[in-house]
Amino acid sequence: MAHEPIQFAMPVIEIDENSGFCFGVVTAIRKAEEELERSGSLHCLGDIVHNASEVERLGDKGLRTITHSDLKELKDSTVLLRAHGEPPSTYHIARENHITIIDATCPVVLQLQRRIKEAYDSNRRMLDNNEITEMPLILIYGKEGHAEVNGLVGQTDGEAIVIQSAEDLDNIDLSRNILLYSQTTKSLEGFRHIVEEIKKRKQTGSFEYFDTICRQVANRLTKLREFAANHDAIVFVSGAKSSNGKVLFEECRKVNPRSYLVSDGTQLDTQLLKDAGSIGICGATSTPRWLMTEVAEKIKKENKN
């Protein structure tokens, strides 16, 4: 007797509604597209977003990514500053080279830059007027070398110290007065851990800390954990350069061991998902919605074959 071929049910595929571009990235891309529509070409200082597929899409429209070295040689051009923000030196170079700036710095980052600059300038004036005997240490909890962090350190003439973990505190003179800020995309848990470590170790001097983490990004963590727990398997879509993506993917994997990281649909091994009844697709703050949709369509197509 002939056997009927076994038909597997199509899995339920859900794209996380809370994943994808944060409003700062949305604004930067909108400004780039408006200028490209108007003039057909535009320079961007650094990748507009840490996602190669989106950079390539905009590159096809005329967006050219340049480095800080390129900026020094550029004259009479238009340059977009991405959401991460830039130090004052970048604006100075632009003025000298007659470069028109389209400033897409995220408002949250811009506000943080101003806070750090005001604190630094205020204490510098007090030091000059002999109102204080030494500058407080300005600490920034963030990723060393990250574009946003470089912009923040630049507000202090390069004097701020970047700390990535509690271990970095071993090399810092905690007896001095301390002002602590955070990169906007760091985790709340990590920031609170740094605060508690400084409190525990500090014997003398004042300590002020400022929670400068973007809530749109921070609040995604709880929702992402819930999303990951509600599916048999998770496909996390993120560019290789995205710090935020690496952090969020690890959080997914803690909740759901069947979490797979891909930069686009070509990296996805759909065999890993073949017995999953429900599949969740999510991504970083730098992951475009169209890319997550593309991955979902690939899964659907593979299941039909």
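**View 1. The side chain of Thr287 reaches the backbone oxygen of Val237 at 2.7 Å.** This is a polar contact, meaning a pair of N or O atoms within 3.5 Å; within protein, one must be able to donate a hydrogen and the other to accept it, and residues adjacent in sequence count only if both atoms are side-chain atoms. The model is predicted: local features need pLDDT of at least 70, side-chain atom pairs count only at pLDDT 80 or more, and totals for chains, interfaces and linings use all residues. Residues are numbered from 1 along each chain as its sequence is written, and side-chain values use heavy atoms, with hydrogens and water left out.

**View 2. Thr287 lies in the loop between E12 and helix H11 (289-304).** Helices (H or I, at least four residues) and strands (E, at least two) are DSSP runs, numbered from the N terminus. Is Thr287 buried or exposed? Thr287 counts as buried because its relative accessibility is 0%. Buried means under 20% relative accessible area, exposed over 50%, and partly exposed in between (1.4 Å probe, protein chains only). Leaving aside neighbours within four places in sequence, Thr287 is in contact with Gly20, Phe21, Asn51, Val237, Ser238 and Met292. Contact means heavy atoms within 4.5 Å.

**View 3. An open sheet of 4 strands runs in the order E1-E12-E10-E11, with parallel pairing.** Strand E1 (12-15) and E11 stand at the edges with a single partner strand each, so one side of each has no neighbour in the sheet. From one strand to the next, the twist averages 20°. Two strands pair if DSSP finds at least two bridges between them. E10 and E12 pair in the parallel sense over 5 bridges. Val237, whose backbone oxygen is reached by the side chain of Thr287, stands opposite Gly283 in E12.

**View 4. Helix H10 covers residues 243-255.** Its 13 residues should span 18 Å at 1.5 Å a residue, and the end C-alpha atoms are 19 Å apart, which agrees. The expected span is 1.5 Å times one less than the number of residues. Ser242 caps the N-terminal end of H10, with a side-chain oxygen 2.8 Å from the backbone nitrogen of Gly245.

**View 5. Buried residues of H10 pack against helices and strands.** Which residues of H10 are buried? They are Ser243, Asn244, Gly245, Leu248, Phe249, Glu251 and Cys252. Their packing partners are helix H8 (215-218), helix H9 (220-229), strand E10 (233-237), strand E11 (259-262) and strand E12 (278-283).

Definitions and conventions:
Axes are lines fitted to C-alpha atoms, for helices over the stretch in contact, and angles run from 0 to 180 degrees between N-to-C directions.
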